[in-house]
Amino acid sequence: MSVSRRRFLGGATAGATLSLVTGTSAWAAERTRALDLTAARAVSTAGTTLEQVATPAAGTGYRRLLAGPGWPLVVRGDLAAPGAGRDDRRTGLASFVQFTDLHLCDSESPMRFEYLARFNDAAHRPQEALTVRGASSLVERVNALAAGPYTGLPFSLVMATGDNTDNHERIELDWYLTVMSGGSVTPNSGDPNRYEGVQSSGNTGYWNPQDPFRDSYKQAGFPQIPGYLGAAGATFSAPGLKTPWYTTVGNHDDSAEGTLPDLGLLNSIYTGDRKLEGLDDAEAARLAGLLRTDPAGAVLELGRLLTGGGLVREITADERRHPFSTQEFAKAHLNPAHTGAGPYGHGFTSDAAASGNLYYTFRIADGVLGISLDTTNAAGFADGSIGTGQLNWLEQQLRAHSGHWYDAFGNVVRGGAGGDLVVLFSHHTSTTMGNLLQDPRHFFEKRHDGNELVALLQRYPNVVAWVNGHSHENRITAHGHAVPERSFWEVNTASHIDFPQHARVIELTDNGDGTISLFTTLVESAAPYTADYSDTSDAALASFYREVSFNDPYATPNAKLGSPVDHNTELLLVKPSR
């Protein structure tokens, strides 16, 4: 069942076909040939998953990670046929990087639901004390790469597409801004001299990494690492990006735990000295159900439980855990201490800080416009939508930068300055924008779902891509249309808290034959693939962050990987006419 090189590199189903024979000598030989051809088409594959990929060691149970073979380029001709000789003709138009779902986490916060991990894997992750160091290691990788593997163009920017913080706290926001801009950062809250989260609780339901007793995680193979928590919370110097960077807001930046509406009842819990660390099965199931169906009810239930409904621990209160408002989120980006490589405000302006309207346009490269949307809904629940005011604003921007477009009946309309290709950024995907509850920030506005947004974008041929996060998985979707120039690609990238902990390089090229290509290349942090348990340096902790994320017993890492057609790809499109 060997697959020809041409078929492997030329079709959208190639990766799935190859996976049928994984482990055979024919498969290994085909992969080697595909990687050789991938390298021949690139300027450089070094430092990307085109070269090597974090790969679990053989076996079962807790598994170490190794440096495995890279993932070859897959050409996707879903929306336009790949022309021969295009590598010799292509002109690089833009090169940039997407970060998403960093979830920089205050793992000691009272506003956590670790005891619900068996109902929701995002409630607690054994690696969460290391999110800040893991994100800083990703910054190091991008700084070392500096340019796109197919165009060789220097990165013009990094865009972080939301859930930059995990739990909507001021201290988490400060950590995020420092990691991105550079500076001294201490990923610890409460008592500065000790860790006060569940991983030092003595509760056998959590991994207590510094303690010798056999908790449930150690019974599954997790190691004991003396000094782990102290090292995780110690001050270190984050290098910061050498490339300008921008921020898109996500639901975890917008509301408590990414799901709970701000009813004014949570501030005292956030900043207080009582942390709920355990519930009996019946209480846990009840609270988990409320989080899924009645976020406002979950807020009230949490307050009740903290007064005697569960296992409560006294911790050090910390005002820095106070949740931030939408306006404060924008204002924090305007602090000159966080300008770093720029631009000032990282997409947000003083008007955004005053209004809380966190959507904007920016220049990716000459002839390429970026549009960042706010798809969050403060009414509760994790999924998003978009209000009528923002939708109208978006259409105004698209018209201003399009020489022609299509009306609702499919008729061509001429107008606008034209010429710009458009890349859209948001946190939510087209399939996770079904939350149509009235947003309390714009209560009298109608909300619009992902299907409406796709339909709007397909009326504007200059839209080439919609780049997003939220799902924590790699998935690339072709949004085709009977009129070829009305098609575009949706590029969804895995998070950097859950395995596989990816970011993505995106390059845009003109192929000189009536088509354009989007090259998407996944990258991992700069951390070594195999963790050294005797080392608690910054690099070693970042390495361990990746390894533990793979072994999280409540996660399903393979489900988030995506398939070869969602990894390193060339996505072809018909070039829009003038």
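These questions and answers cover confidence, a helix pair and a salt bridge in a predicted model.

Residues are numbered from 1 along each chain as its sequence is written. In this predicted model local features need pLDDT of at least 70, side-chain atom pairs count only at pLDDT 80 or more, totals for chains, interfaces and linings use all residues, and side-chain values use heavy atoms, without hydrogens and water.

Student: What pLDDT does the protein average?
Tutor: pLDDT is the predictor's confidence in each residue, from 0 to 100. Here 96% of the residues score at least 70. Over residues 1-21 the pLDDT is below 50. The protein average is 93.

Student: Are α15 and α16 roughly parallel or roughly antiparallel?
Tutor: Helices are DSSP runs (H or I, at least four residues), numbered from the N terminus. The axes, lines fitted to C-alpha atoms over the stretch in contact, of α15 (residues 388-400) and α16 (residues 450-457) come within 11 Å and cross at roughly 15°, on a scale of 0 to 180 degrees between N-to-C directions. Angles under 35 degrees count as roughly parallel, over 145 as roughly antiparallel. The pair is therefore roughly parallel.

Student: Which residues of α16 meet α15?
Tutor: Contact means heavy atoms within 4.5 Å. From α15 come Leu 391, Leu 394, Glu 395 and Leu 398. Their partners in α16 are Leu 453, Leu 456 and Leu 457.

Student: Which residue meets Arg 112 in a salt bridge?
Tutor: A salt bridge puts a side-chain nitrogen of Lys or Arg within 4 Å of a carboxyl oxygen of Asp or Glu. The N to O distance here is 3.6 Å. The pair ties together parts that are 145 residues apart in sequence, because Arg 112 lies in the loop between β4 and α5 and its partner in the loop between α9 and α10. That partner is Glu 257.

How values were computed:
Helix = DSSP H or I, 4+ residues; strand = E, 2+ residues; numbered from the N terminus. Parallel < 35°, antiparallel > 145°, perpendicular 65-115°, else oblique.
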